[in-house]
Amino acid sequence: MIVKKTILVLGSGGLLGSYFSNQQFELGWDVIFHSRSLDKLANADLEKMNETSKMLDLIKPDIILNLAGITSVDNCESFPNTAYLGNVKTLENVVSWIEYNKNQTQLIHISTDQVYDGLGPHDESMVSLKNYYAFSKYAGELVAKRVNSTILRTNFFGKSTCSKRSSLTDWLYVNLKEGNDIQVFEDVKFSPLSMSTLFEVINKIIEHDLRGVFNLGSRDGMSKADFAFKFASSINLSSKNMYRCATTEVDFLKTYRPNDMRLNSERIESHLNISLPALDDEIKKVAKEYTK
């Protein structure tokens, strides 16, 4: 017998939320998508406790998947109160509702790999906060931990289905196709997953009711420069106007970013009995989204 679960996806108007809105969740799950800007059943302003509580009282979700948040590193640094409202206050309202109702709602919260810095790959204990974006996301994690939650520190890429947001690979694709000059950082390392793989793993997390703090990244990592050149090769576009540089050589970065955000994801692989893909394979997978 299939037990029907109600899943509420917060932040469906964002980059990741828009992608998830176009995917098929597991059979038997009733999925409701929230967006402040859409005229839907779930259209609350999550920064307001009364609107959040009213929405959650109406839906009574078994699972809350939180994809909402402020992701601009520079904006978070320049406007810390905005970062607090988007990355902490919204979670405080959701968690307060769970606590008040004393229910077993599974909260899955998407955090960031920017809570790490220094030589990677990093395990879950190696937190090092170097900008206000990372601070606000980690503060959100602490709020989520007040209930029996799932916190995923991750980074992702893929073709955007959001009209208001473009992804890293969207930016690369457009500029490569137009032959524009591109600077790519050889001193910044990361280990992102494709949005499609992230979606698949989150389905498994819901199915297994996995709780705790987990890194969720590709099996290995590489510099953003290597990533860009491999992506260009995978979509058969010339990289003659793409140049390697260091973050210290550019003047458009207003805020410090970590130089090594590579993730050690062995813990979640062990808990779910899965093997996460290599980043090379994820790049090839996403390239097909742009060439089909």
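**View 1. Thr112 and the residues around it in the predicted model.** Leaving aside residues up to four places away in sequence, Thr112 touches Tyr133, Lys137, Leu152, Arg153 and Thr154; a contact here means heavy atoms within 4.5 Å. Thr112 sits in the loop between β4 and α5, where helices (H or I, at least four residues) and strands (E, at least two) are DSSP runs numbered from the N terminus. With a relative accessible area of 4%, Thr112 is buried (buried is under 20% relative accessible area, exposed over 50%, partly exposed in between, using a 1.4 Å probe and protein chains only). The side chains of Thr112 and Asp113 are joined by a polar contact of 3.5 Å, that is, a pair of N or O atoms within 3.5 Å; within protein, one must be able to donate a hydrogen and the other to accept it, and residues adjacent in sequence count only if both atoms are side-chain atoms. A polar atom of the Thr112 side chain also lies 3.0 Å from the backbone nitrogen of Gln114.

A note on all the views: this is a predicted model, with residues numbered from 1 along each chain as its sequence is written. Local features need pLDDT of at least 70, side-chain atom pairs count only at pLDDT 80 or more, totals for chains, interfaces and linings use all residues, and side-chain values use heavy atoms, with hydrogens and water left out.

**View 2. Ser125, in the loop between β4 and α5 (132-144).** Ser125 is exposed, at 64% relative accessibility. Its side chain makes a polar contact of 2.6 Å with the side chain of Asp123. Ser125 and Pro277 are 152 residues apart along the chain, and their C-alpha atoms are separated by 23 Å.

**View 3. The open sheet of six strands.** The strand order is β2-β1-β3-β4-β5-β10, and the pairing is parallel; two strands pair if DSSP finds at least two bridges between them. The edges belong to β2 and β10, each with a single partner strand, so one side of each has no neighbour in the sheet. On average, neighbouring strands are turned by 20 degrees against each other, direction ignored (axes are lines fitted to C-alpha atoms, for helices over the stretch in contact, and angles run from 0 to 180 degrees between N-to-C directions). Between β1 and β3 there are four bridges in the parallel sense, and Leu10 stands opposite Asn66 in β3. Helix α4 (residues 80-101) packs on the sheet, touching β1, β3 and β4, and its direction makes about 170 degrees with that of β4. α5 packs there too, touching β4 and β5, again at about 170 degrees to the direction of β4.

**View 4. Strand β10 and Asn215.** Five of the five residues of β10 are buried, so the strand is largely enclosed by the rest of the structure. Gly212, Phe214 and Leu216 point one way, and Val213 and Asn215 the other. Strand β5 (residues 150-154) runs parallel to β10, joined by five bridges; Leu152 has Phe214 as its bridge partner. Asn215 is at 0% relative accessibility, and its side chain makes a 2.6 Å polar contact with that of Tyr116. Not counting residues up to four places away in sequence, the residues that Asn215 touches include His122, Asp123, Arg153 and Ile268.

**View 5. The largest nonpolar core, with 30 residues.** A nonpolar core is a set of buried Ala, Val, Leu, Ile, Met, Phe, Trp, Tyr and Cys residues joined through side-chain atoms within 4.5 Å. Phe20, Leu152 and Ile268 have the most contacts inside this one. Elements that each supply at least two residues include β1 (5-10), α1 (15-21), α7 (195-208) and α9 (266-272). α7 gives the most, with seven residues. Outside the four places on either side in sequence, Phe20 touches Phe25, Phe33, Leu65, Leu67, Met195, Leu198, Phe199 and Ile202.

**View 6. Helix α6 (residues 168-178) and its cover.** The buried residues of this helix are Thr169, Asp170, Leu172, Asn175 and Leu176. Among the elements covering them are β7 (182-185), α8 (224-234) and α10 (279-291). Gly179 follows α6 and has a positive phi, near 70 degrees.

**View 7. Cys76 and Cys162.** The count of disulfides is zero, a disulfide being a pair of cysteine sulfur atoms within 2.5 Å. For Cys76, the nearest cysteine sulfur is that of Cys162, 17 Å away. Cys76 is buried at 0% relative accessible area, and Cys162 is buried at 9%.
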